[in-house]
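This briefing reviews a two-chain model, grouped by topic. Please read the points below alongside the sequence and the coordinates.

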Amino acid sequence: MKEAAAPTDDDAALVARCMDGDDAAWAALVRRHGPCVWTVARRAGLSEHDAADVYQTVWRIAVESLPRLRDAERFPAWIARTAHFQAMRSLRTLCSTRRALDRIAPREFDDAIPDEEIARIEHRRLVAEAMGRIGERCAGLLRALYYDHPTPPYEEIAVRLSMRIGSIGPTRARCLARLRDELGGNGDDHAT
Amino acid sequence: MTTRPDGHVSWRRLLDRRDGRDGRLTSVRAAAASAHLAEGCAACAGEADAIERLVAAIAEGPPDEPPRRAVDSAIRVYRESCAAFLRDEGEVLGVLILDSIGEFAEPAASLRADASEVRRILWRVGEYEVDASVVGRPGGADLLGQMVPGGDDPAANVTGEVSVRGGRGVRARTKIESDGRFTLRGLLPGVYTIEGRADAMRFVLPPVYLG
């Protein structure tokens, strides 16, 4: 019996397991990188319906591409580029239909997605995963300080997280340092 | 507490300087940190950028989740597409040798509606090679292939048949001509496994996207 794919398995391990017929590994790949595929498709301006079509096509292509993925560490960038390419293809089809109907001007499409954009989306995923490993108290504090809009006042954060107002600042620094370390940064000797 | 012996600005002080919210950094220390950065310290600027990226990623949140139905469907793609290849019923499994779209080239590049673009794929299966061309057409892709037996006999014949199987079963089937050639036309975009019999050998090739 195969071991279930663990959330910490790297992409190379998951791809290798997929090649061995492990559909749990495939499901882990889909869950890990599906949000990136979806974000790229939506970012291109596709409706939810059209983005869903692109999403399916990308994963079909990924199945077929498994035997070629000799350097699976590049899987995140590869699938983001494939998603972007498919999204552009879908937009071209949609726009050519609209042009025919509405006689609107042709629109330029860029088949290449900037590396920085891919890196930013992948970084968001990695940070979100790392947030799940730093403890709920830390994650809650960082979300309150940097994610919630508007940022709640310290008094509210203190009540919500049962901590003293004076400890919010130092705790924030420790939590960010822990998050950075989870992401593989330097040690936190500079954080104190 | 936040001073580093090497003269750089500590990570903690860079963070306090960025947030500037809880008044932990005195104006003197903040000015000193800013002056150090203004001197062009690459190490501290790099750390300040890393803090900005980290905070920005938290602020943006994780990438958007696709609808649950789309995720479930994508997960099923694997089992549906690979079922024939993974069923282990004694077929000889093919191995991809060459694909003209390359290891990490956009597979989608083969899907452009330009009939002049031909994708070339070569598999090895047992003693045979399967040499195939995929030609994209508006009505679906054409798969033009040839089973080439091993050995040195140029007159060796191949008998058998080839079929393509999609998620819902066999989509097309054809006989292998005596010279090993076979043709399957009008395949709608999708992932298929190519399987069949060449002489006495039953075989199945890895899934391939045709469209």
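Among contacts in chain A between residues at least 6 apart in sequence, those that join residues at least 24 apart make up 58%; two residues are in contact if their C-beta atoms, placed from the backbone, lie within 7 Å. This is a predicted model, in which local features need pLDDT of at least 70 and side-chain atom pairs count only at pLDDT 80 or more, whereas totals for chains, interfaces and linings use all residues. Residues are numbered from 1 along each chain as its sequence is written, and chains are lettered from A and ligands numbered from 1 in the order in which they are written.

**Chain composition**

- Chain A has eight helices and zero strands; helices (H or I, at least four residues) and strands (E, at least two) are DSSP runs, numbered from the N terminus.
- Of the 192 residues of chain A, 39% count as buried. A residue is buried if 20 or more other C-beta atoms lie within 10 Å of its own, exposed if 12 or fewer, and partly exposed in between, with C-beta atoms placed from the backbone.
- Chain B contains four helices and 11 strands, and 36% of its 211 residues count as buried.
- In chain B, residues 24 or more positions apart account for 49% of the contacts with a separation of 6 or more.

**Confidence**

- The average pLDDT of chain B is 82, and 88% of the residues score at least 70; pLDDT is the predictor's confidence in each residue, from 0 to 100.
- Residues 104-115 of chain B have a pLDDT below 50, and this stretch has 31 contacts in the model beyond near neighbours in sequence.
- For the complex, the predictor gives an ipTM of 0.79 and a pTM of 0.71.

**Nonpolar cores**

- The largest nonpolar core has 69 residues, and those with the most contacts inside it include Val37(A), Tyr55(A), Val58(A) and Ile79(A). Such a core is a set of buried Ala, Val, Leu, Ile, Met, Phe, Trp, Tyr and Cys residues joined through C-beta atoms within 7 Å.
- Helix α2 (residues 23-43) of chain A supplies the largest share of this core, 11 residues.
- Apart from this core lies another, of 27 residues, among them Leu142(A), Leu176(A), Ala33(B) and Cys44(B).
- Not counting residues up to four places away in sequence, Ile79(A) touches His33(A), Cys36(A), Val37(A), Val58(A) and Ala62(A).

**Interface between the chains**

- The contact takes 51 residues from chain A and 46 residues from chain B.
- On the side of chain B that touches chain A, α4(B) gives the most, with 11 residues.
- By class, that side of chain B has 29 nonpolar, five polar and 12 charged residues. Here Ala, Val, Leu, Ile, Met, Phe, Trp, Tyr, Cys and Pro count as nonpolar, Asp, Glu, Lys and Arg as charged, and the others, Gly among them, as polar.
- Ser81(B) is placed in helix α4 (residues 68-86) of chain B and counts as buried because it has 27 C-beta neighbours inside 10 Å.
- Beyond residues up to four places away in sequence, the contacts of Ser81(B) include Arg60(A) and Val63(A) in chain A, and Gly167(B), Val191(B) and Pro207(B) in chain B.

**Packing of α6(A) against α3(B)**

- Helix α6 (residues 136-147) of chain A and α3(B) pack at an angle of about 90°, with their axes 8 Å apart. Axes are lines fitted to C-alpha atoms, for helices over the stretch in contact, and angles run from 0 to 180 degrees between N-to-C directions.
- The two helices, α6(A) and α3(B), are therefore roughly perpendicular to each other; angles under 35 degrees count as roughly parallel, over 145 as roughly antiparallel, 65 to 115 as roughly perpendicular and the rest as oblique.
- Leu142(A), Tyr146(A) and Tyr147(A) of α6(A) meet Val55(B), Ile58(B) and Ala59(B) of α3(B), a contact with six nonpolar, no polar and no charged residues.
- Tyr146(A) counts as buried, with 20 C-beta neighbours inside 10 Å.

**Backbone geometry**

- Most residues other than glycine have a negative phi, and most peptide bonds are trans.
- The peptide bond from His149(A) to Pro150(A) is cis, with omega near -5°, and Pro150(A) is placed in the loop between α6 and α7 (154-161) of chain A.
- Ser162(A) has a positive phi, near 50°, and counts as exposed, with 7 C-beta neighbours inside 10 Å.
- Asp199(B) also has a positive phi, of about 55°; this residue lies in the loop between β9 and β10 (201-204) of chain B and is partly exposed, with 15 other C-beta atoms within 10 Å.
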